[in-house]
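Here is a short report on selected local features. The sequence and structure come first.

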Amino acid sequence: MKNKKNQPIIPHNEINKDTKRTFVARLITSLILIFVCIPCIFLGSWFYLILVAIAVGFSAYEIVKASSPIARYKVALYIITFFFLYAMVFWIFILNNIRVYQSYIDAGNISYFLEHLLDNGFDTIQISATGVALMALVYFFMSFLDDRYTIGHVFYYFGMVVFVGICFQSLLYLRYSPYDMFRSIGYDVSTSTFNYYQSASLLFYVVIGVCINDIFAYLTGVVWGKHKINPRISPKKTWEGLIGGYVISFVFSLSYAYINAACGLPILPLLDLEHWYWILLISLFMPFIAIIGDFIFSSIKRYFAIKDFGVLLKGHGGVLDRLDSILFTSVFVAAIVISINNGGNLFAP
């Protein structure tokens, strides 16, 4: 639509060749990720676990690489970070299955135990206090060995491993915890519909909310973006892109959850039409939390003067560049879900 002077009523930016090439590269990479990741999410089981385990490995590499470690202890630093990040992510899986192992053996239900290894293992989010203390000790010890490893490096490695570890554990929780929640109310979790869709819908709910926000914030910002949010941290992000992404993300995620509930396939027992306010609350906050997560990871990159954490995903950067908002949002949603299941009422006085 144009005014009398033949000018667009809503002014937009001219899209140059570099922007078009970047968009094409991002689109191709996104399509590849969709064809690889979506089937793993639907199938769940060990397919999804292996996918997450691979992402954890690349993330550990990118955490160390971002800090440009000195050559003398580079290999040791990579090994330490890989070990502790995997420990942070999979500690609860190992601990929970050790706890229930003997009871299944005594009851002669070893086959049932093996069948439910995954949904037994990720029924909450938890890290090892001993592991955290040991990790802090190891990273501090490295700073004693070489003064080029400063206290800033120690807290960066320690903080990133703990935070990213909790985030990846949250991604596993979102996929596997619905089994335990629905089973506890007598729901039949053995059907194909539940195994390959309904059990995955909580994770899809988060992915939809974050990815729609990311896609439309980018497109809206490219076309109409004029006012920068914080050029120091993220020079390309605009208020126009933020608002466009937020609104469209909210509409899509809210619609997805309500449509599922209306069709008799609620995301969780307490995310149904009767408890519509929880869906509304999470849908409202998800894109906001995703934006914060994006800025947090961007500020880390600015601190180390790097453009991206990695180069694995053309047009997107590394695994942490692609998953930054999803990782951050997964913790928020997991915390809300855990609070609801434990009888917490965020509206209570």
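The backbone nitrogen of Val319 sits 2.8 Å from a polar atom of the Glu62 side chain. A polar contact is a pair of N or O atoms within 3.5 Å; within protein, one must be able to donate a hydrogen and the other to accept it, and residues adjacent in sequence count only if both atoms are side-chain atoms.

This is a predicted model: local features need pLDDT of at least 70, side-chain atom pairs count only at pLDDT 80 or more, and totals for chains, interfaces and linings use all residues. Residues are numbered from 1 along each chain as its sequence is written, and side-chain values use heavy atoms, with hydrogens and water left out.

Glu62 belongs to helix 2 (residues 45-66). Helices are DSSP runs (H or I, at least four residues), numbered from the N terminus. Not counting residues up to four places away in sequence, Glu62 touches Phe309, Gly310, Gly318, Val319 and Leu320. Contact here means heavy atoms within 4.5 Å.

Ser68 lies between helix 2 and helix 3 (74-106). Ala305 lies in the loop between helix 11 and helix 12. Exposed means over 50% relative accessible area, buried under 20%, partly exposed in between (1.4 Å probe, protein chains only).

Leu312 is in the loop between helix 11 (276-303) and helix 12 (319-341). Leu312 is partly exposed, at 45% relative accessible area.

Methods
Helices (H or I, at least four residues) and strands (E, at least two) are DSSP runs, numbered from the N terminus.
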